Amino acid sequence: MEKKKCPQCKNLISKTSPTCLYCGRPNKFITKEYVNKKWNKDNNINVFDYIFINKYLAFILLLILTIVIIIFS
């Protein structure tokens, strides 16, 4: 594992670490893409489509249930 000196506190830190373990200075420029890559493992799922499909299915089931109740009552 390659190490480098922190520019602020001069301690050795790993090149792949996001921050210095000793002083907390960022080792990399933290971007939105970096955060999403680290924390949001399923960022390929479109949340709007997921919610829309669930509401659509719930509406159809409610409609079918209402029709069945009307027919058998």
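**Entry 1: the chain as a whole**

I began with burial and found that buried residues make up 10% of the 73 residues in the chain. For the terms, I took buried as under 20% relative accessible area, exposed as over 50%, and partly exposed as in between, with a 1.4 Å probe and protein chains only. I noted that this is a predicted model, where local features need pLDDT of at least 70 and side-chain atom pairs count only at pLDDT 80 or more, while totals for chains, interfaces and linings use all residues. I also noted that residues are numbered from 1 along each chain as its sequence is written, and that side-chain values use heavy atoms, with hydrogens and water left out.

Next I looked up the secondary structure. I counted 2 helices and 2 strands, and along the sequence I read the pattern β-β-α-α. Helices (H or I, at least four residues) and strands (E, at least two) are DSSP runs, numbered from the N terminus.

I then looked up the contacts, where a contact means heavy atoms within 4.5 Å. Of the contacts in the chain with a separation of 6 or more, 0% are between residues 24 or more positions apart.

For the surface, I found an accessible area of about 6900 Å² for the chain, with 66% of it belonging to carbon and sulfur atoms. Such areas come from the Shrake-Rupley method with a 1.4 Å probe, and for residues only the protein chains shown count as cover.

**Entry 2: the cysteines**

How many disulfides does the rule give? I got 0 disulfides, with a disulfide being a pair of cysteine sulfur atoms within 2.5 Å. Cys6 is in no disulfide, and its nearest cysteine sulfur, that of Cys23, is 3.7 Å away. I found Cys6 buried, at a relative accessible area of 2%.

Cys23 is partly exposed, with a relative accessible area of 34%.

**Entry 3: the salt bridge**

I counted 1 salt bridge, using the rule that a side-chain nitrogen of Lys or Arg lies within 4 Å of a carboxyl oxygen of Asp or Glu. Which residue pairs with Glu2? The partner is Lys15, and the closest N and O atoms are 3.2 Å apart. Glu2 sits in the segment before strand S1 (3-5) and Lys15 in the loop between strand S2 (12-14) and helix H1 (32-39), so the pair ties together parts that are 13 residues apart in sequence. Glu2 is exposed at 55% relative accessibility, whereas Lys15 is partly exposed at 42%.

I placed Ser14 in strand S2 and noted it as buried, at 14% relative accessibility. Leaving out residues up to four places away in sequence, Ser14 touches Met1, Glu2, Lys3 and Asn27. The side chain of Ser14 also makes a polar contact with the side chain of Thr16, at 3.0 Å. A polar contact is a pair of N or O atoms within 3.5 Å; within protein, one must be able to donate a hydrogen and the other to accept it, and residues adjacent in sequence count only if both atoms are side-chain atoms.

Ser17 is in the loop between S2 and H1. Is Ser17 buried or exposed? I found Ser17 buried, at 15% relative accessibility. A polar atom of its side chain lies 3.0 Å from the backbone oxygen of Ser14. For the backbone oxygen of Thr19, the distance to a polar atom of the Ser17 side chain is 3.3 Å.

Apart from neighbours within four places in sequence, Pro26 is in contact with Pro18 and Thr19.

Lys10 is in the loop between S1 and S2 and is exposed at 51% relative accessibility. Its phi is positive, about 65 degrees, although Lys10 is not a glycine. Most residues other than glycine have a negative phi.

**Entry 4: the nonpolar patch**

Last, I looked up a nonpolar patch on the surface, formed by Tyr56, Leu57, Phe59, Ile60, Leu63, Ile64, Ile67, Val68, Ile71 and Phe72, with about 1000 Å² of accessible area together. Patches are made of residues with over 30% relative accessible area and no salt bridge; like charges are joined within 9 Å and nonpolar side chains (Val, Leu, Ile, Met, Phe, Trp, Tyr) within 5 Å. Ile71 counts as exposed, at 60% relative accessibility.
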